[in-house]
Every structure is written in C-alpha cells, then in structure tokens.
Amino acid sequence: MRRLVVVGSITGAPGVTTTALALAATWPAEADGGGRPVVVEADGSGGDLMMRFGLPAAPSLLDVAAAAGKPQPGSLLGAVGELPFGVRAVVAVPGRRPCTEAVRLLATEGGRRVLLGAEGDRGTVLLDAGRLGDDVEPLLRAADQVVLVTRGGADSLTHVSTYGLDAEALAGPLTLAIVGPCPYREDEITASLGIDRAMFLPWDAKAVAAMHRPRRSALRTTGTRAPRLLTATRTLARQLAEHRDGATESQAGENNRQVSVPAAGDGGRPSWARR
Ligand SMILES: Nc1ncnc2c1ncn2[C@@H]1O[C@H](COP(=O)(O)OP(=O)(O)OP(=O)(O)O)[C@@H](O)[C@H]1O
Ligand SMILES: [Mg+2]
C-alpha cells in the first residue's frame with residue numbers, strides 16, 4: 001500500500017500547499033523504489049493549483065472522489081498530472097462546495113482505498129488537507145505521518161496547543177513544520193507542546209517564485225545553490241520517507257503524546273505565553 005503523509009494546518013494560511021509541493025520536489029529519489037510522490041490537493045476550501053497553472057478542469061480531485069464512491073474503487077493515478085516544476089499532483093477545482101464533498105468522500109473507506117491503493121502498490125501520497133477539520137480525521141488516523149504546518153509566532157503556536165489534536169489517535173508520528181521567523185527554540189516548542197518533532201522551514205520567496213513559474217522549468221533541489229526552503233524540505237522528506245520501514249504502529253503511537261496539553265513549565269504555561 002502507498003504511504004500516506006497528511007499535511008495540514010490549524011488556522012490561517014501558513015504554507016500547507018507550499019510545504020507539500022516542496023516536499024514532493026525534494027522527496028528522496030531512492031524512496032518508494034524510485035517512484036515519485038503524488039501531491040493530492042484535498043483542501044475542502046477549494047484548490048489553488050488548477051488556477052495557478054491554468055490547468056484544465058479535469059482530471060481533478062473530483063475524479064478521485066468519484067472513484068471512491070464506486071463499489072470497486074478506481075485508481076488514483078488516472079487523475080494525476082504534472083506541474084511545470086516537475087511535481088506530480090492531483091489538483092482540486094477552485095470551488096469550496098465540490099471540494100468539501102470530495103474530501104468527505106476521500107475520508108470514507110472507499111476514499112482511503114483509492115489513496116492507499118492495493119497491497120502491492122508502492123509510492124507516497126502527500127495529501128494537502130488544508131485546514132484540518134472533523135471531515136479529515138479519518139484520513140489523519142489512516143496516515144503514516146502527519147505534518148502540521150504553522151507559523152512561528154505566539155498566536156499561531158497557541159492555536160496549535162489549544163486545538164486539541166489527539167496525537168495518540170494518530171497511527172504515525174506528527175511533525176510540526178514551522179514556516180518563517182520564530183523566536184522560540186525547537187526544544188522549547190516540542191517540550192511545551194508535548195511532541196517529538198518540530199522543524200523550521202525558512203521563508204523563501206525565491207523558492208516560492210520558482211514553484212509558481214507557469215512554464216516548464218526544472219527546480220534546483222540539491223547543492224549549495226538550491227533554495228533554502230528546498231534544502232530544508234529535503235531533510236524533512238528524508239525523515240518522512242525513512243520512517244515507514246522502521247516503526248510498527250504501536251511504536252509509532254509511543255512516539256507521540258497529545259499536543260493539546262502544554263508540558264510542565266512555568267505554571268504549566270507554554271513558553272510563548274510567558275513572555
Ligand atoms: N516557506 C515560504 N516562503 C515564502 N513564502 C511562503 C512560504 N510558505 C508559504 N508562503 C506563502 O504564503 C502564502 C500562503 O501559502 P500557501 O498557499 O502554501 O498556504 P496554505 O496554508 O496552503 O493556504 P490556503 O489555506 O490558502 O490553502 C502564499 O503566498 C505562499 O507563497
Ligand atoms: Mg493551500
């Protein structure tokens with residue numbers, strides 16, 4: 001079965017789509033037997049990529065959702081296209097209503113089967129779930145890994161800590177990806193949120209511009225001239241890709257603690273609430 005990595009946020013637009021695309025662009029070539037990952041734009045608020053790149057209205061997320069509703073769930077790969085910078089993606093239509101319904105279908109058993117494929121299928125699905133809501137919880141539970149994207153200010157981190165995401169209900173590890181400036185240290189954040197892994201992703205307008213180019217153009221993803229964001233997501237992608245073969249589900253569960261309760265500290269308050 002394919003590996004499912006859900007990328008989402010709690011609030012705002014911190015960079016979920018950008019992070020998912022950058023992870024796909026820097027996914028280790030040796031992972032998944034050399035198969036490239038597929039980004040599935042499963043944002044119930046409606047997609048951006050179709051309009052951004054002037055893609056046709058089909059195939060799209062709606063085709064994947066339609067496949068999910070069939071007695072014999074169809075294939076994900078029929079809806080996959082290629083973005084100009086070389087990342088494979090299933091894009092969503094821009095409308096909220098059809099996308100909300102499509103995401104609801106994806107979260108059903110049939111939808112999960114389309115995403116994960118059959119026993120012998122290999123590869124990785126990077127699911128851009130946008131803002132996490134109740135509708136995607138079954139997908140969070142089915143995910144091998146969850147990457148929660150946030151900005152690094154006290155307000156954003158407080159939203160994460162008060163969200164009540166029950167990490168114990170997740171089958172695999174949770175990584176907090178903090179986009180842009182953040183005045184707190186990684187260990188301060190992980191201790192306060194009671195999570196194992198946080199990673200900083202730089203604010204990098206150059207990388208974003210390269211990923212927005214409408215014409216086909218290769219991204220520089222390795223070496224000292226690679227954009228900083230892509231160097232960072234390469235590290236994160238490697239960690240995500242390495243995980244599967246090692247941990248069992250129960251070990252994975254052990255790796256996580258709920259992110260809803262700040263760890264003991266000054267009066268039990270997270271560090272950003274004390275400054
Ligand atoms: N690492 C980054 N460096 C520079 N700009 C970024 C970065 N990540 C995101 N952005 C910018 O922030 C804005 C929001 O990013 P993005 O669309 O990826 O967020 P999102 O969480 O998917 O939002 P939405 O809920 O609208 O789908 C965009 O203008 C994007 O270019
Ligand atoms: Mg988005």
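1. Glu-82 has Arg-88 in β4 as its bridge partner. The model is a predicted one. Strands β3 and β4 (residues 88-90) pair antiparallel, over two bridges.

2. Now the whole sheet. It is open and has eight strands, in the order β3-β4-β2-β5-β1-β6-β7-β8. The pairing is mixed. β3 (81-82) and β8 (197-201) are the edge strands, and each has a single partner strand, so one side of each lacks a neighbour in the sheet.

3. Helix α7 (residues 154-163) touches β6 (145-151) and β7 (174-179). The direction of α7 makes about 145° with that of β6.

4. Which strands pair with β5, and in what sense? Strand β1 (residues 3-9) runs parallel to β5, joined by seven bridges. Strand β2 (residues 38-41) also pairs with β5 in the parallel sense, over four bridges.

5. How many residues of strand β5 are buried? Seven of the eight in β5 (residues 124-131) are, so the strand is largely enclosed by the rest of the structure. As background, side chains in a regular strand alternate between the two faces of the sheet.

6. Next, a helix pair. The axes of helix α3 (residues 61-68) and helix α4 (residues 96-106) come within 9 Å and cross at roughly 40°. That angle makes α3 oblique to α4. The crossing is left-handed.

7. What does the α3 and α4 contact consist of, by class? From α3 come Leu-61, Leu-62, Val-64, Ala-65 and Ala-68. They meet Pro-98, Cys-99, Ala-102, Val-103, Leu-105 and Leu-106 in α4. By class, that is eleven nonpolar residues, with no polar and no charged ones.

8. Last, a loop residue. Thr-221 lies in the loop between α9 (205-212) and α10 (228-246). Is Thr-221 buried or exposed? Its relative accessibility is 17%, so Thr-221 counts as buried; the cut-off for buried is under 20%. Leaving out residues up to four places away in sequence, Thr-221 touches Ala-25, Thr-26, Ala-226, Leu-230 and Arg-234.

Key. Residues numbered from 1 in each chain as written. Chains lettered and ligands numbered in written order. Predicted model: local features only at pLDDT ≥ 70, side-chain atom pairs only at ≥ 80, totals over all residues. Heavy atoms only, no water. Axes fitted to C-alpha atoms, helices over the stretch in contact; angles between N-to-C directions. Parallel < 35°, antiparallel > 145°, perpendicular 65-115°, else oblique. Left-handed = near helix turned anticlockwise from the far one by under 90°. Contact = heavy atoms within 4.5 Å. Nonpolar A, V, L, I, M, F, W, Y, C, P; charged D, E, K, R; others polar. Pairing = 2+ DSSP bridges. Buried < 20%, exposed > 50% of the residue type's maximum accessible area, 1.4 Å probe, protein only.
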